[in-house]
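Open the model in your viewer and keep the selection tool at hand. The stops below go from strands to core to helix.

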Amino acid sequence: MTKPSIPKGTRDFSPETMIKRNYIFDTIKSIFNLYGYKPLETPSMENLSTLMGKYGDEGDKLLFKILNSGDFLASTTDEDKSSSIKLMHKISEKGLRYDLTVPFARYVTMYRNDIVFPFKRYQMQPVWRADRPQKGRYREFYQCDVDVIGTTSMLNETELIMMINDVFKALKINIIIKLNNRKILSGIASFIGYSDKLTDITVAIDKMDKIGYDNVIAELRDKGIEDEGINRLTPILTLAGDNRTKLASLKEILKDNEEGLKGIEETEAIFSLLEDCPNATAPLELDLTLARGLNYYTGAIIEVKSADTVIGSICGGGRYDNLTSIFGLPDVSGVGVSFGAERIYDVMNELNLFPEKSTQTTQVLFVNLGDKEARYCLPLISKLRHEGINSELYPDSVKFRKQMEYANKRGIPFVIIAGEDEIAKNCVSVKNMINGNQNTVGKDEFVSLLTKNN
């Protein structure tokens with residue numbers, strides 16, 4: 001018999017893990033609602049025509065393709081089988097979504113006549129990438145996206161950064177927020193004489209934190225960037241000083257590049273708006289190596305890292321002006337960020353940030369001492385549940401010791417015992433499983449006692 005297993009890069013989540021994950025999801029969702037965003041869901045699979053070409057060559061390679069149903073090889077020819085690309089087009093028309101942004105753009109295009117713009121939505125669903133599994137990187141993982149589309153105002157970027165701060169403040173994670181602008185990167189590529197290699201440059205410098213400066217330079221050389229261009233690029237990537245100083249230096253360097261200056265102007269606007277909101281954000285740093293590698297970004301680029309762990313990006317996103325035009329809806333600008341639930345979980349687990357007491361676990365267990373006793377307990381359980389206290393009755397009238405062991409293993413803090421003596425006196429015995437104390441109280445009193453302790 002084959003031993004049961006799951007695909008690499010995927011995981012089963014135990015009830016204990018799910019309680020922690022739901023804490024993250026519920027916290028993030030509550031902040032999204034505070035900012036006026038509404039929920040949306042899209043299918044797990046999309047047509048490959050929707051997904052392909054939106055993430056660059058590297059992204060396309062990471063798409064999980066779904067085989068057509070039926071005899072999918074029947075319509076193929078020998079010529080088709082000579083090329084994996086040709087064969088793929090014949091045998092697969094759908095794929096698992098790579099992210100939530102492209103499906104969102106597809107949704108906006110399809111329902112443009114039903115949507116009120118600016119359209120603000122959040123989406124919390126799994127995505128799939130055929131990547132090499134490693135710590136903090138999975139093939140199936142959840143994203144928590146928030147986007148606003150149909151407006152070019154820098155107020156949106158500003159509010160997203162404020163929202164990022166609020167989310168991680170609520171989760172008690174210390175963060176560093178990094179900011180850049182695709183237009184600045186385009187201006188830099190033009191300045192060093194390689195505007196035609198913008199994608200190659202951004203993909204390389206985006207790896208600075210992962211592979212280091214020397215390896216980035218080596219990759220740029222491999223992509224055809226000669227020493228003269230690298231010599232012009234190096235001082236920009238190593239600009240020192242605070243955000244204002246870096247932007248002032250960039251203004252001088254890119255003074256003849258209109259697009260680069262526009263990116264600087266947009267970045268200055270975000271910094272300026274945030275200065276009007278004291279304590280609105282965690283440390284915010286202009287990082288000129290930040291590119292995020294996705295082709296659809298056209299303006300601000302945002303990335304968030306934990307200040308206390310070495311885990312990679314835990315949130316990121318940016319401005320995209322042309323994404324819906326791919327689907328036939330031009331001139332609709334959007335901006336959004338995605339919270340990486342898996343990495344946030346890893347950070348919180350590593351730093352022991354999850355609350356000890358969860359509202360999703362059972363707080364009270366009623367011992368089952370027989371049919372008569374169970375009937376006595378049922379209306380009492382209903383009272384507790386009505387008060388918002390998670391309660392359960394052990395389903396079988398088994399040995400008392402076994403039921404107490406169940407409470408211990410589940411971490412249930414209170415046990416209610418109602419035997420013949422308690423029923424005769426119209427009361428219950430309440431045992432505190434943490435300190436071992438046990439008290440007998442009237443049926444009406446026990447609700448207030450447990451409410452006070454919860």
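**Strands, core, helix**

Select strand β5 (residues 119-128) and β6: the two pair in the antiparallel sense over 10 bridges (pairing requires at least two DSSP bridges between two strands; strands are DSSP runs of E with at least two residues, helices runs of H or I with at least four, both numbered from the N terminus). Within this pair, Pro 126 stands opposite Tyr 142 in β6.

This is a predicted model, in which local features need pLDDT of at least 70 and side-chain atom pairs count only at pLDDT 80 or more, while totals for chains, interfaces and linings use all residues. Residues are numbered from 1 along each chain as its sequence is written, and side-chain values use heavy atoms, with hydrogens and water left out.

Now colour β6 (residues 140-149) by accessibility: 8 of its 10 residues are buried, so the strand is largely enclosed by the rest of the structure (buried is under 20% relative accessible area, exposed over 50%, partly exposed in between, with a 1.4 Å probe and protein chains only).

Select Ile 164, Phe 168, Phe 339 and Ile 344, which have the most contacts inside the largest nonpolar core, a set of 75 residues (buried Ala, Val, Leu, Ile, Met, Phe, Trp, Tyr and Cys joined through side-chain atoms within 4.5 Å). Helix α7 (residues 154-170) gives the most to this core, with 8 residues.

Finally, select helix α6 (residues 101-110): 9 of its 10 residues are buried, so this helix too is largely enclosed by the rest of the structure. Among the buried ones are Phe 104, Arg 106 and Tyr 107.
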